[in-house]
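Open the model in your viewer and keep the selection panel at hand.

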Amino acid sequence: MISADWSEDAEVGHAGRRLSGDSGGRSDRIVGSILFLIVIIVWGARAGARYGPEMYFEGDCPYYISTTLSIWHDFDIDLSDQLRGGLAVHGRQIALGRNGQWYPKHPLLMPLLTVPFYALFGMPGFALFGVLVLGSLAVTLFLLARLFAPRLAAAGGALLMVAGTFLRHYDYNITPDLLAALLAALGLLLLLRGRGVGGGCVLGFAVLAKLTYLFLLPFAWVYAFLRGGRRGLACSIAAAAGPLGLLLLLNLALFGSPFISSYDRNIVLQDGALTIVSHRGQFDQGLLHGLSGELFDRNHGLIPTSPALWLAVPGFALMLRRYRREAVLMLLLGEFYLFLFATYRYWATTRYGNRFLILLLVLMAAPVALALEWMADRLKAWVSVARSERRAAAQSGS
């Protein structure tokens with residue numbers, strides 16, 4: 001069982017520690033609630049101080065909002081009534097339907113979830129939704145890190161993933177990347193707890209929130225097989241099949257084929273003619289150049305925008321020693337998505353940091369918590385030695 005305080009290692013030793021299968025009980029719920037309130041109060045206050053409807057005219061935000069408005073007012077997802085201008089203006093941000101409809105390019109899960117927020121609170125409801133997702137993500141990161149580290153270290157790791165990375169800017173934004181990261185974190189949490197059915201289902205819904213999370217599933221299924229054998233693998237695949245089936249049926253209804261997605265039906269003006277393009281052909285950039293930008297770019301690189309990630313370096317070394325299977329899973333997942341988006345033509349089209357790599361922050365929560373635990377243990381040992389030396393000096397002087 002994972003420890004409930006900083007001193008467990010001194011009592012039972014690292015060799016005796018095992019991945020926890022529960023949430024840690026009432027104390028963890030209290031800490032999680034406090035963490036949620038901290039994020040909601042601090043980042044909610046920041047969002048409230050900056051609030052203005054003009055935020056929804058930045059980047060992709062108008063198209064997410066337009067989809068919600070279309071669902072609420074028109075009971076459909078054809079955006080031609082919400083968007084003014086022709087395909088030359090909006091084509092990159094819409095998906096041309098099989099009969100010429102202007103469907104959203106982006107996934108529908110977030111617009112569907114924001115409908116009640118808009119219905120109850122109007123336009124401020126979108127800002128409220130964003131803050132609640134950020135707070136929920138912080139709590140899920142705490143529970144994920146709690147599987148590997150003591151309670152305080154896990155809470156510190158989760159808070160650092162929000163305050164010490166580019167996530168700190170997501171108090172005032174409406175983006176499916178944050179929602180998808182929340183679902184991915186929750187799915188991984190369930191999977192690591194040995195709940196293959198719940199984990200597979202939630203990870204399936206993460207794909208509905210962000211299509212590229214489809215690549216997360218094979219890694220999850222391999223882990224499910226290693227942990228639960230064929231039965232664990234079958235349960236995880238079967239649970240994910242429901243959300244994936246919904247996606248395939250939606251593609252069939254909107255675009256005429258289950259394997260044609262909204263990202264395959266974008267419109268651009270080329271040589272004076274409107275042309276359908278697919279994002280599949282936009283992963284065509286040089287790997288090394290993309291990696292350099294993802295790591296070192298002043299505005300989007302992980303190193304300048306997310307200094308808390310330095311703690312993950314020693315944290316992963318500790319994790320590999322204590323929880324090798326889980327550490328390898330997270331390393332492979334992180335490297336895959338780092339390399340994948342390094343080749344994406346538009347990886348830098350993100351307002352705060354690199355939203356395409358929020359999943360990496362999810363994966364770093366546990367290693368950062370382990371590093372904090374190690375630092376606290378070393379500090380405690382140093383204080384103990386210093387006290388012993390002072391007592392010895394006092395006794396020798398007397």
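The largest cavity holds about 40 Å³ of space. Bear in mind that the model is predicted. The structure has 1 cavity of 30 Å³ or more.

**Stop 1: the cavity.** Select F129, G130, V133, N173, I174, T175, L178 and L179, which line the largest cavity. Two elements, α6 (124-146) and α8 (176-192), each give two or more residues to this lining. Helix α6 supplies the largest share, 3 residues. Coloured by class, the lining shows 5 nonpolar and 3 polar residues, and no charged ones.

Stop 2: Move to the second largest pocket, with a volume of about 440 Å³. Its lining has 16 residues; select L295, L302, L309, V313 and M364, which lie nearest the centre. Then show α12 (302-305), α13 (312-322), α14 (324-342) and α15 (358-397), the elements that give two or more residues to the lining of this pocket. The largest share, 5 residues, comes from α14. By class, the pocket lining divides into 13 nonpolar, 2 polar and 1 charged.

**Stop 3: L274.** Select strand β4 (residues 273-277) and pick out L274 within it. Is L274 buried or partly exposed? Its relative accessible area is 46%, which lies between the 20% and 50% limits, so L274 counts as partly exposed. Beyond its neighbours within four places in sequence, L274 is in contact with L87, A88, I267, V268 and L269.

**Stop 4: aromatic pairs.** The whole structure contains 17 aromatic pairs. Select Y213 and Y337: the ring centres are 6.0 Å apart and the planes meet at 70 degrees, so the pair is edge-to-face.

Next select F283 and F341, a tilted pair with 6.2 Å from centre to centre and 50 degrees between the planes. F283 belongs to the loop between β4 and α11 (287-296), and F341 to helix α14, 58 residues apart. F283 is partly exposed at 30% relative accessible area, whereas F341 is buried at 2%.

**Last selection.** Show Y213, F215, F219, F283, F336, Y337, F341, Y344, Y346 and F356 together; ring pairs link these residues into a cluster.

How values were computed:
Residues are numbered from 1 along each chain as its sequence is written. This is a predicted model: local features need pLDDT of at least 70, side-chain atom pairs count only at pLDDT 80 or more; totals for chains, interfaces and linings use all residues. Side-chain values use heavy atoms; hydrogens and water are left out. On a 1 Å grid over the protein atoms alone, a cavity is a set of points where a 1.4 Å probe fits but cannot get out, and a pocket is an open set with protein on both sides within 12 Å along at least five of seven lines; lining residues have an atom within 4 Å of a point. Grid points are joined across faces, edges and corners, and a volume is the space filled by probe spheres set on the points. Helices (H or I, at least four residues) and strands (E, at least two) are DSSP runs, numbered from the N terminus. Ala, Val, Leu, Ile, Met, Phe, Trp, Tyr, Cys and Pro count as nonpolar, Asp, Glu, Lys and Arg as charged, and the others, Gly among them, as polar. Buried means under 20% relative accessible area, exposed over 50%, partly exposed in between (1.4 Å probe, protein chains only). Contact means heavy atoms within 4.5 Å. Rings of Phe, Tyr and Trp (its six-membered ring) pair if their centres lie within 6.5 Å; planes under 30 degrees apart count as stacked, over 60 as edge-to-face and the rest as tilted.
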